[in-house]
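Take a look at the structure below.

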Amino acid sequence: MTAALVIGEALIDIVETDAGDVELVGGSPANVAVGLARQRHDVRLLTRLGRDDRGRRIADQVSESGAVVDDASWTDAATSTARARLRADGSAEYEFAIDWSLPAQEAPQARLVHTGSIALFLEPGGATVLDALRTAAGGALVSVDPNIRPALVGAHGDALSRFEAAASVADLVKLSDEDAEWLYPGLAPAAVLGAIAALGPRIVVMTRGGEGAIGLGPGGIASVDALPVSVADTIGAGDAYMASLISSALDDAAVFDDPALFAQALRRAAVMAGITVSRAGANPPTRAEVDAAR
């Protein structure tokens, strides 16, 4: 049985730089799949790739990480892209060209199923992804990262309803402070964690950039500082954090019950995200790199 099935978009990030455009493999779920594989987990990525040069580049990078691209991922449509413009603080804003649909899924043969980002909200594929989570729940762990892209998720009420439907069948939810502000405007971080946890997840974590992260899990609220690094850019930081949390859950499911293991998982995720932001693009570290930096 596969350790993790990741469902969601894979695309090419076209990053604007002073020297011209640079194309990098991206897409939040694809980044999570790569991050998990680099943590030595058996991973399968179900996505949507064109049979073109960009699609082959994505598949090559995913495969080189140790993850497997599901055969059902290939399509005759063009591979999706996201044009990224870096702000002064290293964060990015995006302009997307994406087409998202998936065939209906049978019960996944995996210990954990992860999804989020555009894949959860953009139709027609979003409804298929939600159905896949509901099918997986009970037989596998489920993790969700909304990774809100306001231009693509539709009306606020519809997007909130979709997110909460996914969270209600999840064991683990990770979101950023920007996601939280968009989904639950004006609500304090601890209140956001509590509102999401009330839907059913056993662990809810909110990342806060350079301020670290706060989580609600066994033992209540816990927090962790960000790893002090020189930031190249923040592309893929949240995905690396998500991959690390999933890795901790796959390593030892007691993370859902043991406050010490939960705190340890937050610290490890901070290290993995910190290493990622210290280098350009979505380039998560290996398990050996994370172990060496802890």
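What follows covers salt bridges, then a cavity.

Keep in mind that this is a predicted model. Start with the charged side chains. Side chains of opposite charge can pair when their charged atoms come close. Here the count comes to 15 salt bridges.

Take Lys174 and Asp145. They form a salt bridge, and their closest N and O atoms are 3.0 Å apart. Lys174 sits in strand S12, residues 172-176, while Asp145 sits in strand S11, residues 141-145. The two residues are 29 apart in sequence, so the pair ties together separate parts of the chain. Are these two residues buried or exposed? Both Lys174 and Asp145 are buried.

Now turn to the helices. Asp291 forms a salt bridge with Arg268, with 2.9 Å between the closest N and O atoms. Asp291 belongs to helix H10, residues 287-293, and Arg268 to helix H9, residues 259-277. The pair therefore ties together parts that are 23 residues apart in sequence. How do the two partners count in terms of accessibility? Asp291 has 40% relative accessibility, so it counts as partly exposed. Arg268 has 7%, which falls under the 20% cut-off for buried. Arg268 therefore counts as buried.

Helix H10 takes part in another pair. Glu289, in helix H10, is linked with Arg279, in the loop between H9 and H10. Their salt bridge has its closest N and O atoms 3.1 Å apart. The two residues are 10 apart, and the pair links distant parts of the chain. Arg279 is partly exposed, with a relative accessible area of 21%. Glu289 is partly exposed too, with a relative accessible area of 33%.

Salt bridges can also join up. Which residues are linked in a network of salt bridges? Glu16, Asp21 and Arg83 are linked in this way.

Next, look inside. How many cavities of 30 Å³ or more does the structure hold? It holds 1. The largest cavity has a volume of about 50 Å³. Its lining is made up of Leu172, Ile203, Leu245, Ser248, Ala249, Val255, Phe256, Phe262 and Ala265. Helices H8, residues 237-251, and H9 are the elements that give two or more residues to this lining. H8 gives the most, with 3 residues. What kinds of residue form the lining of the largest cavity? They divide into 8 nonpolar and 1 polar, with no charged residue.

Notes. Residues numbered from 1 in each chain as written. Predicted model: local features only at pLDDT ≥ 70, side-chain atom pairs only at ≥ 80, totals over all residues. Heavy atoms only, no water. Salt bridge = Lys/Arg side-chain N within 4 Å of Asp/Glu carboxyl O. Helix = DSSP H or I, 4+ residues; strand = E, 2+ residues; numbered from the N terminus. Buried < 20%, exposed > 50% of the residue type's maximum accessible area, 1.4 Å probe, protein only. 1 Å grid on protein atoms, 1.4 Å probe; cavity = no way out; pocket = protein on both sides within 12 Å on 5 of 7 lines; lining within 4 Å. Points joined across faces, edges and corners; volume = space filled by probe spheres on them. Nonpolar A, V, L, I, M, F, W, Y, C, P; charged D, E, K, R; others polar.
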